[in-house]
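Please read them alongside the coordinates.

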Amino acid sequence: MEDTHMEESEQKLESEVAPALIAIHPNQKFISVSIGSELRVFNLQDGCGAKLLDDNGGHKDSIRAIRFSKSGQIFVSAGDDKLVKIWDTNSWRCIYSVVSEKRVTSLAISSDGKFVCFADKFGVVYVVDIGDQSFENQAPLSKKAVPILSHYCSIITRLEFSPDGQYIVTADRDFKIRVTVFPKEPLNGAHEIQSFCLGHTDFVSSLAFIHCQDSANQLLVSGSGDSTVRLWDYASGSLLDTCDVGAKAGLLDSNQGQDEILPAVTDLCATSDGSLIAVAIQSLPGILLLKCNLSSRTLSLSKVISVDGEPFIPTSIGASSSVPFLWMVMGASSSSQPNNNNNSKDSTALLARVRVLSGFDFNGSDSNPHETRVLEDKEVPYSDPLLLELQGKLCIGEEAFSTAAQAVKMSMRNLLIKKHYSAERREVRKKGRNDKKNQTPLS
C-alpha cells in the first residue's frame with residue numbers, strides 16, 4: 001500500500017505543473033494559447049476568437065504540445081490525457097483523434113503535412129499518416145499511431161522535422177540530440193541514424209532550425225538546463241559554438257556552486273532568415289536575443305530586452321515567417337485542478353499573460369536594433385479582444401505572475417531532471433508495474 005502511495009505521489013508530482021504554450025500560424029492568421037486542458041485560438045483575420053468543434057469534448061488533461069503545420073492548414077494538440085488531436089484550421093473542427101499509450105511530451109508535423117509524429121513519456125516516437133485527410137468529416141475519426149524510433153526510457157523533450165523534411169530530430173532529458181533520417185515509408189520505422197549532437201551537460205529543453213539559403217549550411221540551435229544555447233551542424237553532429245546565455249543575461253552568481261541548479265532555457269525561436277534567435281530563460285523577466293553569424297557559424301549576444309512594469313517570464317515563444325512579431329506567453333496550470341468550461345476563465349489556475357515583441361526580423365538585429373521592443377497592450381493587434389480571449393482576463397495580478405514563475409521552476413525540475421533511484425527502489429517500482437500488468441480485469 002505504501003509503495004502504491006509513493007508511486008501515485010511521484011506521478012502526481014510529475015504532472016502537477018503545465019506551462020502555458022503559444023503557437024503562431026505561419027502567416028499569422030491565428031494565435032493559439034494552451035493552458036491546462038484549455039485550447040484558446042484567436043482569429044487575426046476576423047478579429048475574434050475561433051470556436052473549436054470537437055464532438056469528443058476537447059482535451060481532458062493538461063496540454064503539453066501544440067503546433068501548426070508548415071502550410072497552416074493543420075493544427076495539432078496533445079498532452080497528459082494521452083490524446084493527439086488534429087484540427088482543420090479552416091473550420092477549427094477536430095478531424096482526427098489519436099490515442100497514445102502514454103502521456104505525450106512533444107509533437108511535430110512533417111514539412112509536406114502528411115505525417116504527424118509525437119513522443120511519449122517513455123521516449124517512444126510514433127507516426128500517424130494523415131495524407132488521406134478529409135476535411136468533410138463531421139466527427140473526429142480515430143487514427144492508429146505506429147512506433148518508429150525510441151530513446152529507451154528517456155523522456156523526449158522536443159521533436160522537430162528539419163526544414164527540408166529529410167530528418168527528424170529528437171532531444172531528451174539525458175542531454176542527447178539525435179538526428180534520424182525520416183524514411184520514405186515511415187510506417188515501417190526510422191532505423192537510420194544520421195548523427196548525435198552531444199555536448200550539453202543537462203536536459204535539452206528546446207530546438208530551433210536556422211533556415212539558410214545555402215543548403216550546405218545545415219544548422220540547428222538547442223537550449224538546455226545547463227543554461228547554454230549551442231549551435232550545431234546537425235548533419236554531421238559537429239558542435240560549432242556555445243553561448244552561456246545565463247551568464248550573458250546576468251542570471252549566474254559568481255559564487256554559485258557546482259551543485260546549484262542553473263537557470264534553464266525554456267524555449268527558442270529563430271527569425272525566418274536565421275540571423276536572430278530569441279531565447280526564453282527560466283528566471284529572466286524578458287527575452288534574450290542572440291545573433292547568428294551564418295558565415296562564421298557563431299553565436300553572439302545582441303541584446304537583453306526587459307518587460308517594464310511586470311515580472312513577465314515567458315514560458316513559451318513563437319513567431320510567423322511573414323510578420324516581424326515575436327509572441328510570448330507566461331502562465332502555468334495545475335493539471336490536478338478540474339477544468340470547468342463554464343467558469344474556467346475566472347479561475348486563477350487558467351490565467352495566461354501574452355506579450356508581443358516587435359521588430360523580430362533580420363533588420364531588428366543589425367540595421368535598426370532600437371526598433372526591437374515590447375509592445376504595450378494597446379499596440380497589440382486587436383488589443384483587448386485578443387488579450388481577453390488568449391489570457392482569460394485583461395488584467396493579470398501580481399500573484400498570478402509569481403505563481404507562474406514558481407510553477408515553471410517546478411516544471412523544469414520535476415518533468416525534465418532525471419530521478420535517481422536506489423537499486424531497492426527500482427525493484428519496487430518494477431514489481432508495481434508488473435503487478436498492474438498481471439491484474440485480471442473484472443468481467
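1. Glutamate 38 is part of strand S4 (helices, H or I of at least four residues, and strands, E of at least two, are DSSP runs numbered from the N terminus). The model is predicted, with pLDDT of at least 70 needed for local features and 80 or more for side-chain atom pairs, while totals for chains, interfaces and linings use all residues. Residues are numbered from 1 along each chain as its sequence is written, and side-chain values use heavy atoms, leaving out hydrogens and water.

2. Glutamate 38 has a relative accessible area of 8%, so it is buried (under 20% relative accessible area; exposed is over 50%, partly exposed in between, with a 1.4 Å probe and protein chains only). Its side chain makes a polar contact of 2.7 Å with that of arginine 40 (a pair of N or O atoms within 3.5 Å; within protein, one must be able to donate a hydrogen and the other to accept it, and residues adjacent in sequence count only if both atoms are side-chain atoms).

3. Six of the six residues of S4 are buried. Glu38, Arg40 and Phe42 lie on one side, with Leu39, Val41 and Asn43 on the other, and both faces are covered.

4. S4 belongs to an open sheet of four strands, ordered S2-S3-S4-S5 with antiparallel pairing (two strands pair if DSSP finds at least two bridges between them). Strand S2 (21–24) and strand S5 (48–49) are the edges, each pairing on one side only.

5. Six bridges link S3 (residues 30–35) to S4 (residues 38–43) in the antiparallel sense. Phenylalanine 30 is bridged to asparagine 43, and serine 32 is opposite valine 41. Two residues separate the strands of this hairpin, and glycine 36 in the turn has a positive phi of about 60°.

6. S4 and S5 are joined by two antiparallel bridges; asparagine 43 has cysteine 48 as its partner in S5. Four residues lie between the strands of this hairpin, where glycine 47 has a positive phi near 70°.

7. Glycine 189 sits in the loop between strands S17 (176–181) and S18 (193–198). Glycine 189 and isoleucine 148 are 41 residues apart in sequence, yet 4.1 Å apart from C-alpha to C-alpha.
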